[in-house]
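Here is a short note for a colleague new to this entry. Please keep the sequence and the 3D view open while reading the points below.

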Amino acid sequence: MFTDPGSNDSDSLARLPKHIAIIMDGNGRWAKGRLMPRVQGHRAGVEAVRGVVEACAKRGIEALTLFAFSSENWRRPEKEVGLLMELLHTALGREVKRLHENNVRLRFIGDRSAFSEKLQDRLTEGEETTKDNTGLNLVVAVNYGGMWDITTAARQIAVKYKAGEIQLDDINQDLLSSYMSLSDLSDPDLFIRTGGEKRVSNFLLWQLAYTELFFTETLWPDFSEQSLEEALKSFASRQRRFGRTSEQVEEEGA
């Protein structure tokens with residue numbers, strides 16, 4: 001597991017994204033197409049997560065953020081939500097040791113208050129176990145929403161302003177960014193959504209402002225290292241201008 005890449009010249013490394021964000025969609029449809037209960041699709045999705053984490057670590061990707069459970073997912077049938085919580089708890093118990101042995105740092109973003117105390121403890125244990133690791137940053141978004149993220153940051157700034165700790169002129173884009181989830185990581189360079197839908201679904205709304213988007217019909221349990229490679233090739237073929245002209249970018253790269 002997590003073997004070193006066979007070869008990476010400086011040019012190929014320069015074309016790799018530093019940070020990948022993924023909406024892992026299609027577990028339920030994958031199971032339905034095989035006449036299985038939806039939970040079987042979620043279990044197969046956990047296996048896909050392991051493969052993608054290994055592939056990213058192997059390629060030297062700095063950060064991988066996965067959308068595991070959105071703030072809107074509570075609207076799903078109660079039984080399915082309960083099974084998802086159990087699956088998350090079980091998967092953490094099985095995977096944290098493996099991640100730690102391979103120098104992966106695990107962390108979670110989102111509002112944990114709605115989870116059981118047992119699950120909250122397991123999330124914290126996973127973070128504490130891996131906090132000093134220096135390899136891939138694996139971020140899992142649970143009970144997360146982009147609008148929640150922005151609102152929470154704005155509320156924290158408002159509290160500081162009311163207390164007189166900051167002035168109105170201090171409130172700018174950089175300050176707001178510093179209160180957002182993932183403020184210590186670079187914004188995602190590449191966003192991937194599996195399952196055929198073409199929307200960002202309230203995921204990292206602030207952080208995806210200049211992210212390259214890649215949509216695939218592949219259902220998440222079928223998303224393999226080869227699937228990831230297709231997304232990386234698409235990313236490498238794009239010119240990232242960040243508001244500049246093509247000529248400016250080409251001149252800077254000359």
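1. Start with the strand pair. β5 (residues 190-193) and β6 run parallel to each other, joined over 4 bridges. Keep in mind that this is a predicted model.

2. Look across the pairing. Phenylalanine 191 sits opposite leucine 213 of β6.

3. Turn to helix α3, residues 38-59. The helix has 22 residues, and at 1.5 Å a residue these should span 32 Å. The C-alpha atoms at its ends are 32 Å apart, so expectation and model agree. Just after α3 comes glycine 60, with a positive phi of about 80°.

4. Within α3, check glutamate 47. Glutamate 47 counts as partly exposed because its relative accessibility is 42%, and that class lies between 20% and 50%. Its C-alpha atom is 10.0 Å from that of serine 224. Along the chain, glutamate 47 and serine 224 are 177 residues apart.

5. Finish at the surface. Which residues form a nonpolar patch with about 300 Å² of accessible area together? They are Tyr161, Leu168 and Ile171. Tyrosine 161 belongs to helix α6, residues 146-162. With 41% relative accessibility, tyrosine 161 is classed as partly exposed.

How values were computed
Residues are numbered from 1 along each chain as its sequence is written. This is a predicted model: local features need pLDDT of at least 70, side-chain atom pairs count only at pLDDT 80 or more; totals for chains, interfaces and linings use all residues. Side-chain values use heavy atoms; hydrogens and water are left out. Patches are made of residues with over 30% relative accessible area and no salt bridge: like charges are joined within 9 Å, nonpolar side chains (Val, Leu, Ile, Met, Phe, Trp, Tyr) within 5 Å. Accessible areas come from the Shrake-Rupley method with a 1.4 Å probe; for residues, only the protein chains shown count as cover. A salt bridge is a side-chain nitrogen of Lys or Arg within 4 Å of a carboxyl oxygen of Asp or Glu. Helices (H or I, at least four residues) and strands (E, at least two) are DSSP runs, numbered from the N terminus. Buried means under 20% relative accessible area, exposed over 50%, partly exposed in between (1.4 Å probe, protein chains only). Two strands pair if DSSP finds at least two bridges between them. The expected span of a helix is 1.5 Å times one less than its number of residues.
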